[in-house]
Amino acid sequence: MKDRVRVGIVGAGWAGQTTAKFYRRLPWVDIVGWADFVPGKAAAAAAEFGVAPEAVYLDFDKMLDEVDMDAVSVCSFNNGHREPTVASLARDKYVHLEKPMAATLEDAQAIMRAADKSKGQLMVGFQPFFSSEHKAAREIVQSGALGDIYYAEAVAHRRWGMPGGNFVKKATAGAGSLVDIGVYAIHAALTLLGDVTPVTVSAFTGSPLAKRYPRINHGFGGSWTADQVEVEEFAAGLVRFSNGSVMVIKSAWNSNIDSMGRSFFLGTKGGLALDPLELYVNQQIGDLNMTSVPKNVRPIEDWPEKIKVFAEIVRDGSPSPIDRRAVFLVNVLMDGMLRSAEAGREVDVTAAY
Ligand SMILES: NC(=O)c1ccc[n+]([C@@H]2O[C@H](COP(=O)([O-])OP(=O)(O)OC[C@H]3O[C@@H](n4cnc5c(N)ncnc54)[C@H](O)[C@@H]3O)[C@@H](O)[C@H]2O)c1
């Protein structure tokens, strides 16, 4: 076990700064490097978070070569995930990589291969994994209370909440709502479905609303105009798994509806819904339908918890609590959805890395 943990950060946008804010709550963690290739950006963030000016770099490779560090938080935009993650894993660092693992399947495959070879660990930053609700949901499913899950829906919904900037550009984000918010719902669903193997996907994606919107829209943490939008605002698809079960995925940054339902799971013994967590059973005593809602659950602030857990696994030399195969499968499904939408038909998703 280490006394102190030395970390570097790649990317000084919102995610990099939020990561720094929560590292700052851990007195045994030192931020010893911060790289962003936009001149002045890491320097400004470093000044704000009390990180030494000598720790600031434009080039993450130079930072990795020159600074002695145990771990790296990769908080670059989606299409900037692969290079710093692979380079850090190749140097046997522990890596906290912000979600999604990557925007493309090819990048996710390269990251998986690097993680397999590394003496470091890869933890992709899905903070809902650490929430009280998702922990409880996993325990309920693992207890067998649902029986065999035969159908699930993974839903990520905003009514009008499309981010701007790098998030709507193909070159930086890779794709749209699916890789930005759909990933959370798909990852949560896969961690509850357990050891499943996806076989086929059929999907639709598009930006039918954003493309028709003439004015500047002040969306979710940024603004955009129709001509700037190069990625999908909406995605919906159906996944078939090798065990015969099926999952529907719905993801929207923009939609003219107040809800697209919540993520839920239908099992042979019970059903479970998230946000908020509820368990549904029929006791087969007459028509006795029962609903259980959790009580006295200690709320956990998931973002700081994610950073604390990561720093702890670095300190203790422990494995990542987030299984990287499930994270990789998120990429397999997103890639299948984007390919299916492009082809206009069901596609095979039995890809590996
Ligand atoms: N877990 C969450 O709640 C959460 C929230 C927001 C964003 N994110 C994720 O974090 C990542 C960053 O999001 P953001 O909002 O900070 O984006 P952003 O585009 O505002 O900032 C990313 C920064 O990374 C820098 N960068 C990109 N590639 C680089 C490279 N190779 N070397 C050095 N710097 C590089 C860019 O210059 C930019 O300053 C995204 O992948 C996003 O999906 C996660």
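Two strands are taken as paired if DSSP finds at least two bridges between them. The views below show a predicted model.

**Figure 1. Pairing of strands E2 and E3 in the predicted model.** Strand E3 comprises residues 56–57, and two bridges link this strand to E2 in the parallel sense. Within this pairing, Trp 34 has Val 56 of E3 as its bridge partner. Together with helix H2, residues 41–48, the two strands E2 and E3 form a β-α-β unit that is right-handed.

**Figure 2. Strand E2 and its pairing with strand E1.** E2 spans residues 29–35 and is mostly covered, with six of its seven residues buried. Strand E1, residues 5–10, runs parallel to E2 and is joined to it by six bridges. The chain passes from E1 through H1 to E2 in a right-handed β-α-β crossover. Gly 8 is positioned opposite Gly 33 of E2.

**Figure 3. The shell of residues around the ligand.** There are 26 residues around the ligand, of which Gly 11, Gly 13, Ala 15, Ser 76 and Gly 80 come nearest. Helix H1 (14–23) and helix H4 (82–90) are the elements that give two or more residues to this shell. The most is given by H1, which provides three residues. Sorted by class, the shell holds eleven nonpolar, nine polar and six charged residues.

**Figure 4. The cis peptide bond between Lys 99 and Pro 100.** Most peptide bonds are trans. The bond joining Lys 99 to Pro 100 is cis, with omega about -10°. Pro 100 belongs to the loop between strand E5 (94–98) and helix H5 (105–117).

**Figure 5. The loop between strands E14 and E15, with Asp 275 and Pro 276.** A cis peptide bond, with omega about 0°, joins Asp 275 to Pro 276. Pro 276 is located in the loop between strand E14 (270–273) and strand E15 (278–282), and Asp 275 lies in the loop between E14 and E15. Asp 275 also has a positive phi, near 55°, although this residue is other than glycine. With 15 other C-beta atoms within 10 Å, Asp 275 is partly exposed.

**Figure 6. Asp 92 in the loop between H4 and E5.** Most residues other than glycine have a negative phi. Asp 92 is not a glycine, yet its phi is positive, at about 60°. This residue, Asp 92, counts as exposed because it has 12 C-beta neighbours inside 10 Å, and a residue is classed as exposed at 12 or fewer.

Methods
Residues numbered from 1 in each chain as written. Predicted model: local features only at pLDDT ≥ 70, side-chain atom pairs only at ≥ 80, totals over all residues. Near = placed C-beta within 6 Å. Helix = DSSP H or I, 4+ residues; strand = E, 2+ residues; numbered from the N terminus. Nonpolar A, V, L, I, M, F, W, Y, C, P; charged D, E, K, R; others polar. Buried ≥ 20, exposed ≤ 12 C-beta atoms within 10 Å, placed from the backbone. Right-handed = clockwise from strand over helix to strand, strands pointing away.
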